[in-house]
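Look over the sequence and the structure before reading on.

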Amino acid sequence: MPLDIDPRAADFIADPYPALAAIRGVQPVFRSASLGGWVVTRHADCKALLKDPRLSADRMGPFFAHMPDERRARVARLEATVTRWAVFVDPPDHTRLRGLMNKAFSPRAIEGLGHLVARRVDALIDAFAGRRRIDFIRDFAYPLPATVIADLLGVPLADVDLLKRWSDDLGAFVLTARATPDKYERAEAAAREMETYFGDLVEARRAKPGDDAASWMIGAADRDARMSREELVATCVLLLFAGHETTTHLIGNGMWSLLTHPDEMAHLRANAGDSAFVEGAVEEMLRWDGPSLAQVRVARDRYEWQGVVFEPGDRIFLMLAAADRDPDMFADPDRFDLGRDPNPHLAFGFGIHFCVGAPLARLEARIAFPRLLERLPRIALAPQTLRWSDNLVVRGLHSLELDLDNG
Ligand code: HEM
């Protein structure tokens, strides 16, 4: 049987790591028939290709360009928005957009959010503290990042669920190739509504700047004549979109990993007051079962690489999840070890597109886990059937039922 992975197979979705390790051991760069592109699984190779200027991050432009005209016209707003997202743009435009985002996400700006994150964490725990059963995703891992990114962008909390719905509709288009009924129409409608919403937000902040990331970015964009209004609005949409689902899955997958490794859970409880230990623990959660299985690049030109030939337009799936369990890079890679050091994982990517929100995601997880363990002395899994997301870019649980009193 030819070597391949089937990202739709139930056992791959539940636990993709054995299949990825088997491929890495046999053929670390191969052409996948099921994905219609190259699959790269070694850490050193993923890192090298994430820095290779012969590859483009623009995987949306070619997709729209290949659409029949009539269908393309029906998703015009969607195209205008996502093709301006820094994550899909190459230099020199990427450099401008990245500079704008860096204004809002400097490590210092994010550190200053610590009190706010701690307040949100406590309020969420207060809301379910008396209950025995919770859905950890619905009750904690989703609302924490969603409300923090709303605070950061200066969006009213009352609108968080609305923004989540728009984000989900965009995600069905951006994150998966699977055909679902009306996915184009819904993503287009979401893009239009978000354009109006964030367009109004930009105008309001321009008239009356606040102390929020949106105001800093708008101020910076207005001083920089090269930044268009469309780019500014698209960047707000990207930050909202990229900022919550991934962090939800860091917290959700992290809790799942702790519950399935009771010794490590005990280890974290015993060291919850040690900030260096907690920082390392969060890095190991990112490496072990991080929120992104793969990132995609597109070859610009024909060139030979590691004995294979990339043709222009070829898609290359960089399997971050496989790279982060590569025995050439990590000692005992199939062990979840919260004390692991060093831990040069690729969960936030590498190179010029390295996640701009990494300091924020880390801050949230570093505050959330010690508070959760301190305030919930007994956390156990409740009986349930787990459902993992079934796409390669994002990996996470739809729900995680916990029993908070198993004593
Ligand atoms: C644990 C949570 C997160 C993970 C695992 C994650 C993962 C990633 C990865 C792998 C990339 C690189 C994509 C590529 O190379 O094509 C990326 C880029 C990006 N992330 Fe995150 N992310 C997380 C949280 C966040 C947050 C909280 C935000 C914003 C508030 C954010 C905003 C972005 C943006 C804007 C980019 C594009 C950067 C660029 O192209 O220069 N992410 N993220």
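Helices here are DSSP runs of H or I with at least four residues, numbered from the N terminus. The model is predicted.

## Around the ligand

Helix H7 (93-104), helix H15 and helix H19 (358-375) each contribute at least two residues to the shell around the ligand. The largest share comes from H15, which gives seven residues.

In total, 26 residues surround the ligand. The closest are Gly243, Thr246, Gly349, Cys355 and Gly357. By type, the shell consists of 16 nonpolar residues, nine polar ones and one charged one.

Strand E5 covers residues 295-299 and is mostly covered, with four of its five residues buried.

E5 pairs with two strands named here. With strand E3 (residues 55-56), the pairing is antiparallel and has two bridges; serine 56 has valine 298 of E5 as its bridge partner. With strand E8 (residues 315-318), E5 also runs antiparallel, and four bridges join the two. In this pairing, valine 296 stands opposite phenylalanine 317 of E8.

## Histidine 261

Histidine 261 sits in the loop between helix H15 (229-259) and helix H16 (262-270). Is histidine 261 buried, exposed or partly exposed? Histidine 261 has 17 other C-beta atoms within 10 Å, so it counts as partly exposed. A buried residue would need 20 or more, and an exposed one 12 or fewer.

Histidine 261 and tryptophan 166 are 95 residues apart in sequence. In space, their C-alpha atoms are 35 Å apart.

Terms used: Residues are numbered from 1 along each chain as its sequence is written. This is a predicted model: local features need pLDDT of at least 70, side-chain atom pairs count only at pLDDT 80 or more; totals for chains, interfaces and linings use all residues. Two strands pair if DSSP finds at least two bridges between them. A residue is near a molecule or strand if its C-beta atom, placed from the backbone, lies within 6 Å of it. Ala, Val, Leu, Ile, Met, Phe, Trp, Tyr, Cys and Pro count as nonpolar, Asp, Glu, Lys and Arg as charged, and the others, Gly among them, as polar.
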